[in-house]
Amino acid sequence: MVVHVKQTGNAHSIAGFAVSRAVGGAVIRNRVKRRLRAIMSELLPSLPDGTAVVIRALPRAAEVDYARLHDDVADAVATARRKAALA
């Protein structure tokens with residue numbers, strides 16, 4: 001997956017998802033989106049206020065189990081936050 005993080009200055013943190021047809025059919029794409037929403041609902045409270053996170057799911061996101069996806073998303077968000085702080 002590809003993760004982008006930006007400070008927006010808003011009061012609340014938000015997350016958005018892009019899951020293309022390359023990930024799979026409608027059922028698979030919706031499952032990936034549901035999993036990503038559940039993961040980000042856990043991670044958003046730990047982010048600073050005004051953080052916007054955009055996640056673009058790659059086809060492999062449909063193949064891994066929830067625990068692995070959670071770890072991958074958490075790592076990718078942490079890496080994107082570090083890179084955003086350096087930019």
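Helices (H or I, at least four residues) and strands (E, at least two) are taken here as DSSP runs, numbered from the N terminus. The model is a predicted one, in which local features need pLDDT of at least 70 and side-chain atom pairs count only at pLDDT 80 or more, while totals for chains, interfaces and linings use all residues. Residues are numbered from 1 along each chain as its sequence is written, and side-chain values use heavy atoms, with hydrogens and water left out.

Along the principal axes, the C-alpha trace spans about 35 × 20 × 20 Å.

Contact here means heavy atoms within 4.5 Å. Of the contacts in the protein chain with a separation of 6 or more, 82% are made by residues 24 or more positions apart. A residue is called buried under 20% relative accessible area, exposed over 50%, and partly exposed in between (1.4 Å probe, protein chains only). By this scale, buried residues make up 30% of the 87 residues in the chain. Accessible areas come from the Shrake-Rupley method with a 1.4 Å probe, and for residues only the protein chains shown count as cover. The protein chain exposes about 5,400 Å², and carbon and sulfur atoms supply 54% of that area.

Strand 3 (residues 51–57) includes Val-54, and Ala-57 lies in strand 3 as well. Ala-57 is buried, with a relative accessible area of 4%. Not counting residues up to four places away in sequence, Ala-57 touches Met-1, Ala-18, Val-19, Val-23, Val-32 and Leu-36. Although Ala-57 and Val-3 are 54 residues apart in sequence, their C-alpha atoms are 8.7 Å apart in space. Val-54, in turn, is partly exposed at 41% relative accessible area. Once its neighbours within four places in sequence are left aside, Val-54 is in contact with Val-2, Val-3, His-4 and Gly-16. From Val-54 to Gly-25, 29 residues apart in sequence, the C-alpha distance is 21 Å.

Attention can now turn to charge. Lys and Arg count as positive and Asp and Glu as negative, with His and the chain ends not counted. The place of a charge is taken as NZ of Lys, CZ of Arg, CG of Asp or CD of Glu. On this basis the protein chain has 14 positive and 7 negative side chains, and the centres of the two sets lie 9 Å apart.

Side chains of opposite charge can pair when their charged atoms come close. A salt bridge is a side-chain nitrogen of Lys or Arg within 4 Å of a carboxyl oxygen of Asp or Glu. A search of the whole structure finds 1 salt bridge, in which the side chains of Asp-72 and Arg-68 meet at 3.3 Å, N to O.

In helix 1 (residues 26–43) sits Glu-42, partly exposed at 47% relative accessibility. Apart from neighbours within four places in sequence, Glu-42 is in contact with Tyr-66 and His-70. Glu-42 and Ala-74, 32 residues apart along the chain, have C-alpha atoms separated by 9.8 Å.

Arg-29 also lies in helix 1. Arg-29 is buried yet has no salt bridge, and the nearest side chain of opposite charge, Glu-63, is 14 Å away. With residues up to four places away in sequence not counted, Arg-29 touches Val-19, Ser-20, Arg-21, Val-23 and Gly-24.
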